[in-house]
Amino acid sequence: MMEDMTGVDAKTIPLDDKGSMSIFTSSKILGYENDKILGPTGAVGVPEFNTRFTRGVLLDTMPTKFDFLVRICGYTHGTDVWLGNAQDLIKEGICDISKVIGCRDGIMLDLIRYGLENALAFKIMESVRKGKGLTPEWEAEMRAHNVPDWYIGSCKKIKYMFPKAHAAAYTIASLRLAWFKVYQPVAYYAAYFTIKRDFFDGELVMKGRAKIEERLKTLREMPNPTAKDEGNMIILRIVLEMLARGFSFLPVEIGKSEATYFIPEDGKIRLPLCSLN
C-alpha cells in the first residue's frame, strides 16, 4: 500500500540507512525527543520492535547495526534467551550485544570459531536450542577450547531459540518499514491505520491530544486488558507520535472519505467512514 502511495519499491530500500537505523535508539530524526508517553526511541509502530518489552531491550542494547537488530529479534522470540540471561550479561558488563548469544545458528558458528569440530558444534546447538542444555562431556570440550564460563552458563539457561534466517527476514521487513516512517511519514501512517482500522476510533482522535492521552491512561491502568484493549493502546501511541511530528487528520466527509482506507490529502490524513462508530 505504501508503495502505491509513494512509488517507492521497498526492495530498493537500503538496509544500512543511518536515518532508519537511528529510530531504534532515538526519536530525534522524527522531530521529537523523549516523549513522556512514547519514550526515547522512535520504534513505536515498527513490527518486531513495537512492544513495551522489545523497546526496553532496545534501550538496554542501543543497536547501531543490522546484525544487532537480528540478535534482538532472537532475544525477543526465544525463551530464557534475554531475561535472566543475555540482559544480565550485558548490564553487568560481562559482554556486549556483539558477543552474547542471540539466535540458534550463532551457537554453532561461535563454537566452530573456538575450534570445536563442526559436527559437535552442530550437535550442541541443536541441544541448546531445544532447551536440553549441555552434557558434562560437551562442557569439558568447550572449556578445553577456551569457551568462556559465561557463554557455557548462558547455553544452559536457554529453553528455546529462534533461527537466524527468520530473525533476519523479520528485521529486513522492519527496517524497510522504518525507512517509510522516516522519509514517507504520511504514507506510512495512512497505511498503518488502514491495516489496523478495527482498533481506530475516529471520534476520539479528532478530540485532540489531551483526550487521547486520557483514554490511553485509562487503558494502561486496566488490570486485565483484552486483546482489543492492547490493540487500542498501540494505535493511540501511533496517533500521538504522528501528532508529535506535526501531522494531523482530516475529518470524515462524504465525497472525500473512502470506506475503509485512510488517504493522504495535502500532507494530512483523511479519515475513512469506518473510523466512526
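This is a predicted model: local features need pLDDT of at least 70, side-chain atom pairs count only at pLDDT 80 or more; totals for chains, interfaces and linings use all residues.
E1 and strand E3 (residues 268-270) run parallel and are joined by two bridges. Within the sheet, Phe249 stands opposite Ile269 of E3.

A second arrangement involves helices alone. Two packed helices are described by the angle between their axes and by the distance between those axes. For helix H4 (residues 66-77) and helix H10 (residues 164-183), the axes come within 8 Å and cross at roughly 115°. The crossing in which H4 passes H10 is right-handed. On the H4 side, the contact is made by Phe66, Asp67, Leu69, Val70, Cys73, Gly74 and His77. H10 contributes Lys164, Ala167, Ala168, Tyr170, Thr171, Ile172 and Leu175.

A disulfide is a covalent bond between the sulfur atoms of two cysteines. How many disulfides does a search of the whole structure find? The search finds zero. Cys103, for instance, is in no disulfide, and the nearest cysteine sulfur, that of Cys73, lies 7.2 Å away. Because a disulfide requires the two sulfur atoms to be within 2.5 Å, the 7.2 Å between the sulfurs of Cys103 and Cys73 rules out such a pair.

Is Cys103 buried or exposed? With a relative accessible area of 5%, Cys103 is buried, because the limit for that class is under 20%. Cys274, by contrast, has a relative accessibility of 30% and therefore counts as partly exposed.

Asn85 is found in helix H5, which covers residues 82-91. The relative accessible area of Asn85 is 2%, so this residue is buried. Which residues are in contact with Asn85, leaving aside its neighbours within four places in sequence? They are Asp80, Ser154, Lys157 and Ile158.

Key:
Residues are numbered from 1 along each chain as its sequence is written. Side-chain values use heavy atoms; hydrogens and water are left out. Buried means under 20% relative accessible area, exposed over 50%, partly exposed in between (1.4 Å probe, protein chains only). Helices (H or I, at least four residues) and strands (E, at least two) are DSSP runs, numbered from the N terminus. Contact means heavy atoms within 4.5 Å. Two strands pair if DSSP finds at least two bridges between them. Axes are lines fitted to C-alpha atoms, for helices over the stretch in contact, and angles run from 0 to 180 degrees between N-to-C directions. A crossing is left-handed if the near helix is turned anticlockwise from the far one by less than a right angle, and right-handed if clockwise.
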